[in-house]
Amino acid sequence: LGAHEIPTMTQLLKEQAAAYNAANGTRVRAKPAYHLVYGMATVAPQNDSSYVEFLPDDVVMQYVEAGLEEKVAVILDIQMGALSVSEALSPALPFLQYHNVHLALDPEFAMSHPGQTVPGNPIGYFTGEQINEAQRIIGDYMAEHGIRGRRILLVHQFQDNMIINKDVIDWSHPNLDLTICADGFGDPWAKIWKYNSFFSGNEDVAFTAFKLFYDYDVPLMTERQALGVDKVADDLSIEVTPNMIIYQ
């Protein structure tokens, strides 16, 4: 995404989704999605001292409209910077009027630490309370504007301490499917170990995601390996089938 015009990229996306359909079998079908970094953290403070630059609405709408036509979802991902949860979500909420739009938050670039001067140094974190606040804000907006259906709220994580107070997270929101993504690039052994450490045996987590990098994962895992159908080694495989696979 971003390397090709939307029609070409959409065809590549559908081919990737078809590869997961082949790995899944006939029982579960893959739903393709455009995943936009909607709010990008920056080293510059921006005019509002947010350290976040948002994509223009007209750019977002190109993907929303293409997604509606092609039956492709859209995920608007926000790197938090110095914004509060409410401030970060506010620009994205109006896009929920389109039934194919979902939201994501990335704690890596949240300026969570006292005295922090730029996003990402040190790595930021979310609390369980902040995740619940995000769910409440999205749910309230949907209710106030008569928006029906379910939406995904995706939260990224590549270190265990990027989400603290996990025990208070509410997994029962009536309109949202909260999904935690094991992020980060590397070899399959490190990635699978991290994913399993986050989710294996953790029955509290309702929905999981696994992120792969076309250019930085060496070797790149196959679709069957990413789903846990095939092992990477005799003693290593995905133990909890991901609900979402993200490619970057």
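How many salt bridges does the count come to? The count comes to 7. Keep in mind that this is a predicted model.

## Salt bridges

| Lysine | Aspartate | N to O distance |
|---|---|---|
| Lysine 166 | Aspartate 160 | 2.9 Å |
| Lysine 211 | Aspartate 183 | 3.6 Å |
| Lysine 191 | Aspartate 217 | 3.2 Å |

Start with lysine 166, whose side chain meets that of aspartate 160. Lysine 166 has a relative accessible area of 33%, so it counts as partly exposed.

Next up is the bridge between aspartate 183 and lysine 211. Aspartate 183 sits in the loop between β8 (176-182) and α5 (188-199), while lysine 211 belongs to strand β9 (residues 207-212), so this pair ties together parts that are 28 residues apart in sequence.

Lysine 191 is part of helix α5, and aspartate 217 is in the loop between β9 and α6 (223-227), so here the pair links parts that are 26 residues apart in sequence. Lysine 191 is buried, with a relative accessible area of 4%. Aspartate 217 is buried too, at 4% relative accessibility.

Of the 6 residues of β9, 5 are buried, so the strand is largely enclosed by the rest of the structure.

What does β9 pair with? One partner is β8, which runs parallel to β9 and is joined to it by 4 bridges. Within that pairing, alanine 182 has phenylalanine 210 of β9 as its bridge partner. The other pairing is with strand β10 (residues 244-247), again in the parallel sense and over 4 bridges. There, lysine 211 has isoleucine 246 of β10 as its bridge partner. So that one lysine has a salt bridge to aspartate 183 through its side chain and a bridge partner in β10.

## Nonpolar cores

Now for the greasy parts. The largest nonpolar core holds 61 residues, and Tyr34, Leu76, Leu89, Leu96, Leu103 and Ile138 have the most contacts inside it. Helix α4 (residues 128-144) supplies the largest share of this core, with 6 residues. There's also a second, separate core of 7 residues, which includes Ile75, Ala104, Met244 and Ile246. Ile246 is the β10 residue that partners lysine 211.

Isoleucine 163 is another buried residue, at 4% relative accessible area. Its place is in strand β7 (residues 163-164). Setting aside residues up to four places away in sequence, isoleucine 163 touches Phe126, Ile131, Val155, Gln157, Ile169 and Ile180. Alanine 143 is 20 residues from isoleucine 163 along the chain, and their C-alpha atoms are separated by 27 Å.

The buried residues of α2 are Val60, Met61, Tyr63, Val64, Ala66 and Gly67. They pack against α1, β1, β3 (73-81) and β4 (101-110).

Just past the end of α2, lysine 71 takes a positive phi of about 60°. The backbone oxygen of lysine 71 also lies 3.3 Å from a polar atom of the lysine 31 side chain.

Where is lysine 31? It lies in the loop between α1 (6-24) and β1 (33-41). Lysine 31 is exposed, with a relative accessible area of 58%. Leaving out neighbours within four places in sequence, lysine 31 is in contact with Lys71, Val72 and Ala73. Alanine 73 is 42 residues from lysine 31 along the chain, yet the two C-alpha atoms are separated by 7.5 Å.

Terms used:
Residues numbered from 1 in each chain as written. Predicted model: local features only at pLDDT ≥ 70, side-chain atom pairs only at ≥ 80, totals over all residues. Heavy atoms only, no water. Core = buried A, V, L, I, M, F, W, Y, C linked by side-chain atoms within 4.5 Å. Buried < 20%, exposed > 50% of the residue type's maximum accessible area, 1.4 Å probe, protein only. Helix = DSSP H or I, 4+ residues; strand = E, 2+ residues; numbered from the N terminus. Contact = heavy atoms within 4.5 Å. Salt bridge = Lys/Arg side-chain N within 4 Å of Asp/Glu carboxyl O. Pairing = 2+ DSSP bridges. Polar contact = N/O pair within 3.5 Å; in protein donor to acceptor, adjacent residues only side chain to side chain.
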